[in-house]
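Q: I would like to learn how to read a few features from a set of coordinates. Where do we begin?

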Amino acid sequence: MALDAKEIEAKAKVLTKAATSGEPAPVILGLLKEIQSGVRATEDLLRSTRIGIIINKFKQHKSPEVAKLSSEIVSKWRNEVNKQKQGGGSAASRGASGSPRPAQNGTGASTPASATPSDKASKLSVPPDKRSWRAEGVDINVTSNKARDNCTGLMYDGLCVGSTESPKAVLAKASAVERAAYDYLGPETKEEYRTKMRSLFQNLKNKSNTQLRARVVSGEIPVEDFVRMTSDELRSAERRQADEAIQKKNMNDAMVAQAERSISTSLQCGKCGQRKVTYTEAQTRSADEPMTLFCTCLNCGKSWRQ
């Protein structure tokens, strides 16, 4: 039996909670299968419940079975919606008898000229990986302030890449992010505001940080929290783990015992002339040759050997 919007939203919450609490893959698979069998996908239903966005996140799940099923569900829903569009749209766009509504101009068929700006703003006109406000012809002039509108465009370009959300929805989110940043760090003439907008854009565009874009667009991360996130919080989990591994390695290397260095006042630095020089000795030549001194000036840092 098909689920209604409220039931779908309830199951989506259960699914999200299961993922965040670390439930095993079989539990998540069971929830996904319930949603798969209960959802009769339409564009309006997917948009109002955001279930497609939630399921799409599980394509990155560490369990291959969960990732595969999530991909299959999203692909199936996308195909169903596309077929509905090709077949003349949803039932809501037809009369009660099921026949197409007559065109307003009396010709019996609608023409491209009858499309409204809101219709254009609700449909994708370029592939998800090629999206930008310029490519989609989006009007980013929402504040009547050139600097702020440019930042809105910057946020749009960061949020739209790879997204299947409508231009109208992405623009609304981009505008909300800019407004939150302006309220937090504005006016637009302040360096803090401009630096934050550039930082947010770079993190959104990062190919290894796709989850950040999806979480902001879906509303999982409120825009007020997003503009206050630190550089560490903006990083992807993978990048954070890699940085922690590097930091751990550097700390371990720093704890390795270093060769003892002697300090001499008889050696003079050729750069600054000081006689505060540390040195170590090593036999770098044949056994009957004198040892080589590796010297470092404590005053200016110059290193040499003799």
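A: The model is predicted. Begin with the aromatic rings: the structure holds one aromatic pair.

Q: How is a pair of aromatic rings described?
A: A pair of aromatic rings is characterised by the distance of the centres and the angle of the planes. Here the ring centres of Tyr182 and Tyr193 are 6.3 Å apart and the planes stand at 90 degrees; planes over 60 degrees apart count as edge-to-face, so this pair is edge-to-face. The pair links distant parts of the chain, with Tyr182 in helix H8 and Tyr193 in helix H9, 11 residues apart.

Q: Is Tyr193 buried or exposed?
A: Tyr193 has a relative accessible area of 1%, and the cut-off for buried is under 20%, so Tyr193 is buried. Tyr182, at 26% relative accessibility, counts as partly exposed.

Q: Which charged end sits over the ring of Tyr182?
A: That of Arg148, 3.7 Å from the ring centre. In another case, the charged end of Arg228 sits over the ring of Tyr184, 4.2 Å from its centre.

Q: Which residues touch the most other members of the largest nonpolar core?
A: A core is read as buried nonpolar residues joined through side-chain atoms within 4.5 Å. The largest one has 31 residues, and Met155, Tyr156, Val177 and Phe226 touch the most other members. At least two residues of this core come from each of H7, H8, H9, helix H10 (210-218) and helix H11 (223-226). H8 gives the most, with eight residues.

Q: What is Phe226 in contact with, leaving aside its neighbours within four places in sequence?
A: The contacts of Phe226 are Val177, Leu200, Leu204, Leu212, Val216, Ile221 and Leu234. Another core, of 24 residues, lies apart from the largest one; Leu46, Leu69, Ile73 and Val81 are among its members.

Q: How is the span of a helix checked, and what is found for H1?
A: The expected span is 1.5 Å times one less than the number of residues. Helix H1 (residues 5-20) has 16 residues and should span 22 Å; its end C-alpha atoms are 23 Å apart, which agrees. Helix H5 (residues 64-86), with 23 residues, reaches 33 Å from its first C-alpha to its last, close to the expected 33 Å.

Q: Which residues of H1 are buried?
A: Ile8, Ala12, Leu15 and Ala18 are buried in H1. They cover an arc of only 125 degrees around the axis, so they lie on the same side of H1. Lys6, Lys13, Lys17 and Thr20 are exposed on the other side of H1. The cover over the buried residues of H1 includes H2, H3 and H4.

Q: What covers the buried residues of H5?
A: The cover includes helix H2 (25-38), helix H3 (43-49) and helix H4 (51-57). The buried residues in H5 include Val66, Leu69, Ile73 and Trp77.

Methods. Residues are numbered from 1 along each chain as its sequence is written. This is a predicted model: local features need pLDDT of at least 70, side-chain atom pairs count only at pLDDT 80 or more; totals for chains, interfaces and linings use all residues. Side-chain values use heavy atoms; hydrogens and water are left out. Helices (H or I, at least four residues) and strands (E, at least two) are DSSP runs, numbered from the N terminus. Buried means under 20% relative accessible area, exposed over 50%, partly exposed in between (1.4 Å probe, protein chains only). Contact means heavy atoms within 4.5 Å. Rings of Phe, Tyr and Trp (its six-membered ring) pair if their centres lie within 6.5 Å; planes under 30 degrees apart count as stacked, over 60 as edge-to-face and the rest as tilted. A charge sits over a ring if NZ of Lys or CZ of Arg is within 6 Å of the ring centre and within 35 degrees of the ring normal. The arc is that of the directions from the helix axis to the C-beta atoms.
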